[in-house]
Amino acid sequence: MEETQNSQFDIIILGASGFTGKYVVKEALKFLNSPSSPLKTLALAGRNRTKLTETLQWAAHPSLPPPSIAIITADTTDLPSLHRLCGQAKVILNCVGPFRSLGEPVVAACANSGCDYLDICGEPEFMERMEAKYHEKAVETGSLVISACGFDSVPAELGLMFNSRQWISQAVPNQVEAYLSLESEKRIVGNFGTYESAVLGVANAKKLLELRRSRPKRARPVIPGPPPKGPTLEHQKKIGLWAVKLPSADSVVVRRTLSILAENPHGLPGVNDSPEQIENREAFWSTVKPAHFGVKIGTKSLFGIFRIITVGMLMGLFSGFSLGRWLLLKFPSVFSLGWFKKKGPSEDEVKSASFKMWFVGHGFSDSSLASQGERKT
């Protein structure tokens, strides 16, 4: 675990000792040097070398940490350290949040150096601002800058693609809705970082609208049939959930994907694609049909939904002014009705919990029926 300046790593996990970062490390170790995995070299980076070492030992337990994994000190406020990091990595996986406050220096370093960048961000304003600011530079240097590579928004993307591809022959989707629920054997509290990002996201909603108005409009995918009109609150009997609409990065990311697909029906070309890769890419994306997409959060009881609505109203009411934001972040347990605490969930709580997402599609058995508006599930 010697610090090194000259090695080339497949991935460097930045912010590895944070709450989410340590679980990313744990998962990465499962793929390191396995026969079918391209991940052969790995390093951990962050401000505190001792915490990084402890994280690696925790993630590897009960085994000993692989001796080949390097520990590198780097800080998002120390730009030279970020540039050194980019010089040692093929990919930087950024786990340092909130991204709105701490993410831009890492994106800038990667875009300027040509190093590829991934993160686990779920903050639409940050993602769209980074695209607006660094897209041209990233294209120039060959850097791939990809956000939302975590629970926001990989399950949503895969679910939409899978559902839309099931509409075969003349059948076409009009709408796909994702229903999200938390399953746990124990009462669980959420990670404070997630709560903080949500508070700041609501607080900066106007900035996101201003950014979107200042940029060229994206292409709109052609979706058969009229835009769907559904209730804000519903009882989805098929999956046994009460559900309410959830403003989330998932919807933003999926819609962006569909807009890009409208401009590039065969998908985005890679660098030096082989004829076989081109054929496979075009074959896959030709089967993905666009649809209106939304996310709803669900619980098994109507009381749980009112609790969600109450937390949303409190967040919307208090996040609009500085004192309100201070109160929200100072007393997360109070304003989230016990769902979030600064210390976050324990390891046992994390092990007992899982998320489920159902994807329910509505559309037409024949595209010629779309104008009549009679959809089927």
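I looked up F355 to start: at 47% relative accessible area, F355 is partly exposed (buried is under 20%, exposed over 50%, partly exposed in between, with a 1.4 Å probe and protein chains only). The model is predicted: local features need pLDDT of at least 70, side-chain atom pairs count only at pLDDT 80 or more, and totals for chains, interfaces and linings use all residues. Residues are numbered from 1 along each chain as its sequence is written, and side-chain values use heavy atoms, with hydrogens and water left out.

I then searched the whole structure for aromatic pairs and found 10. Rings of Phe, Tyr and Trp (its six-membered ring) pair if their centres lie within 6.5 Å; planes under 30 degrees apart are stacked, over 60 edge-to-face, the rest tilted. F151 and F355 make a tilted pair, 4.7 Å centre to centre with 35° between the planes. F151 sits in the loop between β6 (145-146) and α7 (154-165), F355 in strand β11 (residues 353-364), and 204 residues separate them. Helices (H or I, at least four residues) and strands (E, at least two) are DSSP runs, numbered from the N terminus. F151 is also partly exposed, at 35%.

F318 and F321 form a tilted pair as well, at 6.2 Å and 35°. F318 is buried at 19%, whereas F321 is partly exposed at 39%.

**Rings and lysines**

I noted one aromatic cluster of F19, Y23 and W58. K22 lies over the face of W58, 5.0 Å from the ring centre. My criterion puts NZ of Lys or CZ of Arg within 6 Å of the ring centre and within 35 degrees of the ring normal. K342 lies over the face of F192 at 5.7 Å.

**Salt bridges**

The whole structure holds 16 salt bridges, each a side-chain nitrogen of Lys or Arg within 4 Å of a carboxyl oxygen of Asp or Glu. K133 of helix α6 and E104 of helix α5 are 29 residues apart, and their closest N and O atoms are 2.6 Å apart. K133 is exposed at 51%; E104 is buried at 19%.

R218 meets E131 at 2.8 Å, N to O. R218 is in the loop between α9 (205-214) and β8 (233-236) and E131 in helix α6, so this pair ties together parts 87 residues apart in sequence. R218 is partly exposed at 34%, and E131 is buried at 17%.

I also logged R100, E104, E123, E125, R129 and K133 as linked in a network of salt bridges.

**S197**

What does S197 touch beyond its neighbours within four places in sequence? I found P98, R100 and E123, with contact meaning heavy atoms within 4.5 Å. S197 lies in helix α8 (residues 192-203) and is buried at 19%.

**Cores**

I checked the largest nonpolar core: 32 residues, with I12, L14, L85, I92 and F126 having the most contacts inside it. Such a core is a set of buried Ala, Val, Leu, Ile, Met, Phe, Trp, Tyr and Cys residues joined through side-chain atoms within 4.5 Å. Elements supplying at least two residues each include β1 (9-14), α3 (79-86) and α6 (124-141). Helix α5 gives the largest share, 6 residues. Apart from this core lies another, of 18 residues, among them I13, L32, L44 and A60.
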